[in-house]
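Please read these notes with the model open beside them. Each point can be checked against the structure as you go.

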Amino acid sequence: SIAQVHEAVVLSTGERIALKVQHRGVDDVIDQDLANAAVLAEYVADERPEFDFRSILDEWIDETRRELDFVLEARNTEEVNGYLAEAAALCGLTSTTTTGGA
């Protein structure tokens, strides 16, 4: 697990929110793990070219690093929430889910 989610209340508004907190140092641990995987992939590709998965690993590394960016995650959640609200309105439904601002 890279984080914990807690229920919180915004003092100024009383709004109940989910607060996601990343574990201290998890980004360094994951960066080291990803670097180790890259070294192993390089070795395997040199020894067995038919098992050269470095391009796949590079893409996975990029995506994994994005998982550590909670601001990006909040923005993406807001964007999806907007699309879902639009779709609900088109169907005559109402959306009650909010995610706050990021």
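The points below cover confidence, the strands, the core, the rings and one glycine.

1. Basis. This is a predicted model, in which local features need pLDDT of at least 70 and side-chain atom pairs count only at pLDDT 80 or more, while totals for chains, interfaces and linings use all residues. Residues are numbered from 1 along each chain as its sequence is written, and side-chain values use heavy atoms, with hydrogens and water left out.

2. Confidence. The protein chain has an average pLDDT (the predictor's confidence in each residue, from 0 to 100) of 91, and 92% of the residues score at least 70. Among the elements (DSSP runs numbered from the N terminus: helices are H or I, at least four residues, and strands E, at least two), helix α1, residues 26-47, has the highest mean pLDDT, 97. Helix α3, residues 70-90, has the lowest, 92.

3. Strands. Strand β1 (residues 3-9) and strand β2 (residues 16-22) run antiparallel and are joined by 7 bridges; two strands pair if DSSP finds at least two bridges between them. Alanine 3 has glutamine 22 of β2 as its bridge partner, and glutamine 4 has valine 21.

4. Core. Which residues make up the largest nonpolar core? They are Val26, Ile30, Leu34, Ala41, Leu57, Ile61 and Leu68, 7 residues in all. Such a core is a set of buried Ala, Val, Leu, Ile, Met, Phe, Trp, Tyr and Cys residues joined through side-chain atoms within 4.5 Å; buried means under 20% relative accessible area, exposed over 50%, and partly exposed in between (1.4 Å probe, protein chains only). The elements giving two or more residues to this core are α1 and α2 (54-67), and α1 supplies the largest share, 4 residues. Leaving out residues up to four places away in sequence, isoleucine 30 touches (heavy atoms within 4.5 Å) Ile2, Thr64 and Leu68.

5. Rings. The whole structure holds 1 aromatic pair. Phenylalanine 51 and phenylalanine 53 form this tilted pair, at 6.4 Å centre to centre with 40° between the planes. Rings of Phe, Tyr and Trp (its six-membered ring) pair if their centres lie within 6.5 Å; planes under 30 degrees apart count as stacked, over 60 as edge-to-face and the rest as tilted. Phenylalanine 51 is partly exposed at 38% relative accessible area, and phenylalanine 53 is partly exposed at 46%.

6. Glycine 25. This residue lies in the loop between β2 and α1. Glycine 25 is partly exposed, with a relative accessible area of 28%.
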